[in-house]
Amino acid sequence: MSAPVIVQIIHGMQEYTGRYENFRGYLEGKGIKTAAQDLMGHGPAALARGDLGYFPEDWFHLVQEQIDFLEKLKAEKPDAKVIVLGHSMGSFAARTLAAVAGDLLDGLIIMGTAQMPSFIPNLGLTLAHAIVTFRGKRYQSKFLRKLALGNFNKPFEPAQTGVEWLSRDPEIQRRYLADPLCNFLPTASMFQGIFQGTAYICPEKNINKIPHDLPILLVSGAEDPVGEQGKAVNQLYAKMEKLGFSQVEKKLYPGMRHEILNEMGKEEVYQDIYQWITSKIPVDTRQTHTCN
């Protein structure tokens with residue numbers, strides 16, 4: 001029997017839910033409901049408050065807000081199946097959520113994620129904590145930005161925009177740079193939170209906390225520097241297989257970079273995600289609705 005399906009989208013760093021309208025419209029047109037809310041320190045409300053790029057609380061508070069949102073969706077539609085899709089920093093939040101509250105999920109889509117030895121985010125966390133201590137949570141540190149984003153654009157030099165690593169589409173690059181809700185320098189508190197999140201999700205002991213029978217889809221651009229051109233995604237997939245995850249699948253898209261939902265050829269990604277969802281959960285196409 002088919003059931004209402006809701007895809008809860010968790011966006012990445014330095015962006016907001018409005019950038020997912022095309023993808024959400026595609027799913028809605030196929031009978032899959034979508035839901036999303038701007039993360040702490042992101043979106044129009046944060047800009048209006050003067051909090052854009054600022055984390056007033058720690059990483060686990062950000063994740064708890066997503067858990068609360070998920071529980072609200074389930075309370076409003078008790079018979080619905082909820083799949084969480086997290087992109088980039090949102091994938092870190094989705095992986096944390098799945099580790100601490102995985103019983104709430106009916107599926108997990110991990111998009112544009114990273115995987116690294118624990119000493120790397122732990123070092124970043126130590127440095128970010130020191131900067132927050134001595135300069136304050138609202139201090140905008142170019143050093144921390146360099147540390148977090150590294151040389152993501154280097155493979156795509158000579159560069160014209162500096163954000164070629166996001167997408168091959170020059171229009172996506174232009175829009176990103178022109179959007180005040182995207183092109184901002186995060187505060188030290190945000191980088192501290194992100195390093196706290198990556199320090200949590202990367203160790204095998206915490207990957208192992210995710211329910212092993214949960215349907216999981218790993219998707220990434222094969223040229224995505226966040227995933228080390230697929231290497232980090234393959235490492236995460238291998239760890240999950242070794243730990244006995246029974247329903248984990250993976251797909252890397254040749255030529256695509258970080259934002260596969262905004263890439264040239266994104267229609268293939270949209271279709272693949274839809275087909276994966278419907279292979280796991282029969283979709284009730286009689287109802288469509290978008291939640292913000």
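Predicted model: local features only at pLDDT ≥ 70, side-chain atom pairs only at ≥ 80, totals over all residues.
## Helix H8

Helix H8 takes in residues 188-201. At 1.5 Å a residue, its 14 residues should span 20 Å. The C-alpha atoms at its ends are 20 Å apart, so expectation and model agree.

H8 is mostly covered. Of its 14 residues, 13 are buried.

## H4 against H8

Helix H4 runs over residues 89-101. Its axis and that of H8 come within 9 Å. They cross at roughly 50 degrees, and the two helices are therefore oblique to each other. The crossing of H4 past H8 is left-handed.

H4 brings Met-89, Phe-92, Arg-95, Thr-96, Ala-99 and Val-100 to this contact. From H8 come Ile-194, Thr-198, Tyr-200 and Ile-201. Sorted by type, the residues of the contact are seven nonpolar, two polar and one charged.

Spacing along a helix matters when reading such lists. An α-helix has 3.6 residues a turn, so residues three or four places apart point the same way.

## H3 against H4

H4 also packs against helix H3, which covers residues 59-76. The axes of H3 and H4 come within 9 Å and cross at roughly 70 degrees. An angle from 65 to 115 degrees counts as roughly perpendicular, so that is how H3 sits relative to H4.

On the H3 side the contact holds Trp-59, Phe-60, Leu-62, Val-63, Gln-66, Ile-67 and Leu-70. On the H4 side it holds Met-89, Phe-92, Ala-93, Thr-96, Leu-97, Val-100 and Ala-101. The contact counts 12 nonpolar residues, two polar and no charged.

## Gln-66 in H3

Gln-66 belongs to H3. Its relative accessible area is 1%. Buried means under 20%, so Gln-66 is buried.

Residues up to four places away in sequence are set aside here. Beyond them, Gln-66 touches Gln-8, Ile-10, Gln-37, Leu-39 and Leu-97. One of these, Leu-97, is in H4.

## Leu-252 in S6

Leu-252 lies in strand S6, residues 248-253. Its relative accessibility is 24%.

Leu-252 has contacts with Ser-220, Ala-222, Gly-230, Val-233 and Asn-234, leaving aside neighbours within four places in sequence. Ala-222 is 30 residues from Leu-252 in sequence. In space, their C-alpha atoms are 5.1 Å apart.

Note on methods. Residues numbered from 1 in each chain as written. Heavy atoms only, no water. Helix = DSSP H or I, 4+ residues; strand = E, 2+ residues; numbered from the N terminus. Expected span 1.5 Å × (residues − 1). Buried < 20%, exposed > 50% of the residue type's maximum accessible area, 1.4 Å probe, protein only. Axes fitted to C-alpha atoms, helices over the stretch in contact; angles between N-to-C directions. Parallel < 35°, antiparallel > 145°, perpendicular 65-115°, else oblique. Left-handed = near helix turned anticlockwise from the far one by under 90°. Contact = heavy atoms within 4.5 Å. Nonpolar A, V, L, I, M, F, W, Y, C, P; charged D, E, K, R; others polar.
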